[in-house]
Amino acid sequence: MAVCAAGNRFVAIMLKQILSKLPRKSQKSDSLDSAGLDSGNHTSNLSNGVQCTNIGNSITSRLSVVKRVSSAVFPASIMAGVEAVEPNLSFKDVSNPQKQNLFISKLNLCCEVSDFSDPEKASSEQDLKRQTLIELVDFVSSGSAKFNEPAVAAMCKMCALNLFRVFPPKYRSNTSSGEAEDDEPIFDPAWSSLQLVYDLLLRFISYSSLDAKVAKKHVDHSFILKLLDLFESEDPRERDCLKTILHRIYGKFMVHRPFVRKAVSNIIYRFVFETERHNGIAELLEIFGSIISGFAIPLKEEHKMFLCRALIPLHKPKSIGVYHQQLTYCVVQFVDKDQKLANNVIKGLLKYWPITNSQKELMFISELEEILEMTNMVEFQKIMVPVFQRIACCLNSSHYQVAERAHLLWNNEHILNLITHNRHVIFPLIFPSLERNSQNHWNQAVLNLTQNIRKMFCEMDEELLLACQRKLEEENSQLIEAAEKRKLAWEHLETTAAAFKPAATNNVPPVKPATPLVAC
Amino acid sequence: MSTVEAPLYPIAVLIDELKNDDIQLRLNSIRRLSTIARALGEDRTRSELIPFLSENNDDDDEVLLAMAEELGVFVPYVGGVEHAHVLLTPLETLCTVEETCVRDKAVESLCKIGSQMRENDLIERFTPLVKRLAAGEWFTARVSACGLFHIAYPSAPETLKTELRSIYGQLCQDDMPMVRRSAASNLWKFAGTVESAHLKADIMQMFEDLTQDDQDTVRLLAVEGCAALGKLLEPQDCAARILPVIVNFSQDKSWRVRYMVANQLYELCEALGPEPIRTDLLPAYVRLLRDNEAEVRIAAAGKVTKFCQILSPELAIQHILPCVKELSLDSSQHVRAALASVVMGMAPVLGKDATIEQLLPIFLSLLKDEFPDVRLNIISKLDQVNQVIGIDLLSQSLLPAIVELAEDRHWRVRLAIIEYIPLLANQLGVGFFDDKLGGLCMQWLQDKVYSIRDAAAKNLKHLAEEFGPDWAMQHIIPQVLEIANDSHYLHRMTLLRAISLLGPVMGSEITCSKLLPVVVNASKDRVPNIKFNVAKVLQSLISVVDQSVVEKTIRPCLVELSEDPDVDVRYFAVQGLQSIDQVTMSS
């Protein structure tokens with residue numbers, strides 16, 4: 001399936017990125033381990049790989065914290081037989097049957113979230129935690145982990161406690177005036193361990209022997225919703241991890257697919273219709289790009305709805321530049337699967353066409369070109385009039401890039417073919433713009449392009465060109481007259497209206513108070 | 001053309017315009033809907049115009065928005081309240097469109113119309129509309145529905161009321177968070193119309209559901225309405241049902257939730273008795289004042305005075321004052337600014353002793369804050385300040401702050417301080433003012449930024465009003481008139497502006513003897529901008545001076561300017577001459 005293929009690519013890239021950033025600590029980890037063990041009373045036992053139930057004081061206290069947290073969340077039955085293993089052991093130091101329990105103990109150890117108010121304490125805790133996380137990642141990637149229910153539960157809990165957090169408010173600048181907008185993203189001080197947690201989660205989700213039936217109890221709707229909330233992160237690295245993970249979840253958990261689609265739609269609706277602020281739209285759309293390309297043909301009504309109600313309105317927000325590439329990809333996938341959708345997309349583009357934002361307008365023209373290129377003659381004829389009314393405006397744009405870009409549509413062979421076939425409709429729409437440009441466009445490059453198109457028209461159908469010219473002259477002379485007529489009509493209306501007396505004003509029944517009765 | 005004489009079809013005019021490609025024309029015609037309606041008369045408005053508008057809903061959002069707004073005031077044009085229901089159809093469609101602004105406006109207009117409708121029409125026409133929207137297939141309809149229940153509910157018979165409550169309950173649990181958010185933010189409006197018994201049962205159940213929603217955004221909006229909801233309940237019910245939720249939310253891990261609580265806490269106090277305030281809300285509030293997140297502290301600090309007002313002075317001194325001290329040294333300037341904008345109001349609450357002992361040092365340290373907004377916020381409450389600490393102490397600590405702010409590099413700060421100068425003058429009195437601030441006022445007239453020069457001119461006018469023409473004659477006029485010789489034409493322009501403002505205050509005599517000659521002299525300036533401003537000033541002085549002076553001095557000068565080579569100068573000179581003629585004619 002295309003979904004999985006693309007997913008694998010993501011995973012591979014992400015792992016490479018993460019691994020390249022990890023400090024190589026394998027030798028160092030040994031020394032750290034032995035240092036940690038010195039604090040215990042039974043060093044010799046431990047180094048012999050014997051299971052240890054009596055643990056050093058300092059460690060007992062830490063473990064009790066973990067146990068308290070865990071037992072609050074999980075029924076004792078799941079935890080039974082788990083707490084016995086000292087989490088600071090190394091995997092190679094315990095017997096194979098114990099590895100699974102050690103795995104869970106280590107996961108529980110990582111549930112503690114550092115407080116960064118005390119930097120020194122935090123940094124030593126962080127080191128220990130990072131070390132443990134690296135061991136966990138190694139253990140899972142070696143393929144020896146077994147994800148039975150307690151392990152899945154511990155994994156999800158650890159991820160939830162570490163990852164699901166509230167992002168701080170947008171930084172207010174401390175330099176008295178707010179005019180210098182500072183767009184530096186905020187990076188979480190705990191990123192180095194967060195990154196490992198993400199890595200672990202990814203390996204867990206992509207684990208070949210992971211039983212989706214067991215895992216779905218913990219990777220549930222609320223887990224997914226919280227994960228989706230994290231797409232708000234300002235850190236692109238974090239969003240990148242999330243993208244890969246969500247994609248894998250989508251691939252692995254068939255039962256969750258409708259839910260993921262619905263939840264992402266809700267995020268998009270909120271973004272488009274309520275806030276216009278979200279950092280992760282591009283990433284979410286990237287995932288959807290490959291989801292859409294995996295949709296079966298004929299497309300389900302539900303999926304077409306997604307196009308019309310979520311993707312097309314996404315053209316409205318100001319910040320479209322951030323995700324336009326991914327959005328176009330999604331839209332193109334849809335049109336590729338069902339040509340009739342081109343019509344909806346183009347109508348949407350025309351509806352949200354930017355009036356004052358030239359950068360956005362350039363994107364719209366590019367997208368329009370891409371869609372038109374996939375449109376057949378029949379579909380094209382249904383929408384060519386509004387499309388070319390819009391293009392006529394773009395040709396005249398005083399922003400030379402917009403004007404230039406609009407002219408370049410004629411270089412597209414498919415579009416040129418569509419135009420040529422329908423020239424009797426399109427020429428008259430475009431011609432006034434060409435004339436206006438040749439008379440007073442300021443930019444030489446645009447002028448040249450206009451001349452080229454005019455020449456093209458002339459070679460194509462000189463008679464039509466002359467007809468257009470005559471019609472334009474006629475219209476111009478009527479323009480002033482029409483405006484005058486309109487003015488007179490309104491004046492006439494005003495005088496008629498002035499005679500109006502509302503018949504009802506005198507016998508209006510007493511208006512009920514709008515404010516209703518209130519208890520107490 | 002023949003069309004002008006031919007009978008006019010108003011509807012045809014509208015249809016014609018609404019089909020035009022130019023959106024501006026379409027907008028204009030929608031904005032003049034009432035003209036068309038009046039021209040048509042009530043009957044034809046109902047039978048032709050409204051049906052046409054109901055069909056015409058595929059336009060640009062901007063046009064739809066204008067339509068939604070116009071329809072809200074359309075009741076008189078369709079024949080008064082007994083026909084108001086015909087407006088529901090077009091608005092119902094507008095409630096379902098995609099664009100949020102259009103929907104909001106349509107809901108607003110529906111509320112306006114519904115609150116005028118007759119009871120029977122509400123039951124037979126309005127309520128079915130609400131039910132249809134609430135059952136709408138797409139979320140837009142359901143979102144709109146939430147905002148209409150409070151209009152439909154009061155006049156509904158008992159069974160219908162039960163049904164409406166149950167529908168609202170369903171909206172609170174809708175599948176889409178958008179709908180739940182709308183239900184949450186409209187809950188308090190609906191609650192205001194519901195009978196006490198149902199309020200305690202049904203509505204509170206909805207409130208509790210919403211506060212436990214799995215989406216943060218929904219919970220937030222539920223918190224936002226909690227104070228309004230609390231005020232509808234008996235104090236003991238409020239304490240039992242709402243207080244625990246809020247106290248719990250005040251320790252939420254999301255700063256947004258805590259921020260919202262900080263904003264709502266004071267309002268909620270008004271719904272509660274003194275006891276729960278002391279035992280529950282006060283500790284929660286103190287926690288918020290010491291929150292880790294600056295945004296939360298900003299919200300909480302802004303309410304400090306209001307909160308103290310409902311507490312006993314002892315409690316305020318014991319619990320709130322220590323926090324205020326901390327906040328005045330907060331690391332975030334925005335927290336300090338928020339505090340500075342309200343802290344003065346605490347003085348009357350705390351009483352004189354506590355104020356001088358405890359509040360004054362805080363206040364002085366804020367006045368010396370390195371961040372201009374903080375200082376400005378204090379200075380803006382100057383009258384309150386003066387009452388508390390007395391003029392001497394005030395002027396000692398205030399003056400350096402003002403002088404510094406007067407030269408701040410951000411012109412908005414300078415502008416703000418200029419706007420407080422008349423207030424300062426009033427508080428400090430003339431003697432103090434002459435010594436310290438007179439120079440500053442003149443200096444601003446030559447600022448680099450136009451808005452400052454303009455504000456400086458206005459300030460002179462206020463000062464002249466405050467201290468009287470005699471004082472102005474001595475302390476303002478000579479210095480101002482000196483600017484006439486300034487080499488910078490923008491400065492000379494400021495002079496003209498100042499004269500046009502000062503003239504009416506100074507009265508006819510001084511204007512004729514001192515101001516007018518300067519203006520006339522300026523009419524020979526080499527810069528055309530000065531000359532047409534002279535024309536404008538002369539025009540404004542017509543009403544100040546005697547008729548004879550107008551004829552003797554102003555008219556000749558304007559006549560001369562009306563022959564100037566510069567087109568703008570001629571234009572304004574002619575304008576001036578025309579207004580002289582008007583005055584002469586009317587007198």
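Predicted model: local features only at pLDDT ≥ 70, side-chain atom pairs only at ≥ 80, totals over all residues.

Visitor: How many helices and how many strands does chain A have?
Guide: Let's count the elements of chain A. Strands come to 0. The helices, on the other hand, number 24.

Visitor: Where in chain A does A:Asn422 lie?
Guide: Check what sits on either side. Helix α21 covers 413-421, and α22 covers 423-440. That puts A:Asn422 in the loop between α21 and α22.

Visitor: Is A:Asn422 buried or exposed?
Guide: Its relative accessible area is 6%. A residue counts as buried when that figure is under 20%. So A:Asn422 is buried.

Visitor: Which residues does A:Asn422 touch, leaving out those up to four places away in sequence?
Guide: A contact here needs heavy atoms within 4.5 Å. With the neighbours up to four places away left out, the list for A:Asn422 is A:Met377, A:Phe380, A:Gln381 and A:Met384.

Visitor: Which residues of chain B have pLDDT under 50?
Guide: Chain B averages a pLDDT of 86, and 96% of the residues score at least 70. One stretch stays under 50, and the model has 4 contacts for it beyond four places in sequence. That stretch is residues 1-6.

Visitor: What ipTM does the model score?
Guide: Two scores are given for the model. The pTM is 0.75. The ipTM is 0.72.

Definitions and conventions. Residues numbered from 1 in each chain as written. Chains lettered and ligands numbered in written order. Heavy atoms only, no water. Helix = DSSP H or I, 4+ residues; strand = E, 2+ residues; numbered from the N terminus. pLDDT = per-residue confidence, 0-100. Buried < 20%, exposed > 50% of the residue type's maximum accessible area, 1.4 Å probe, protein only.
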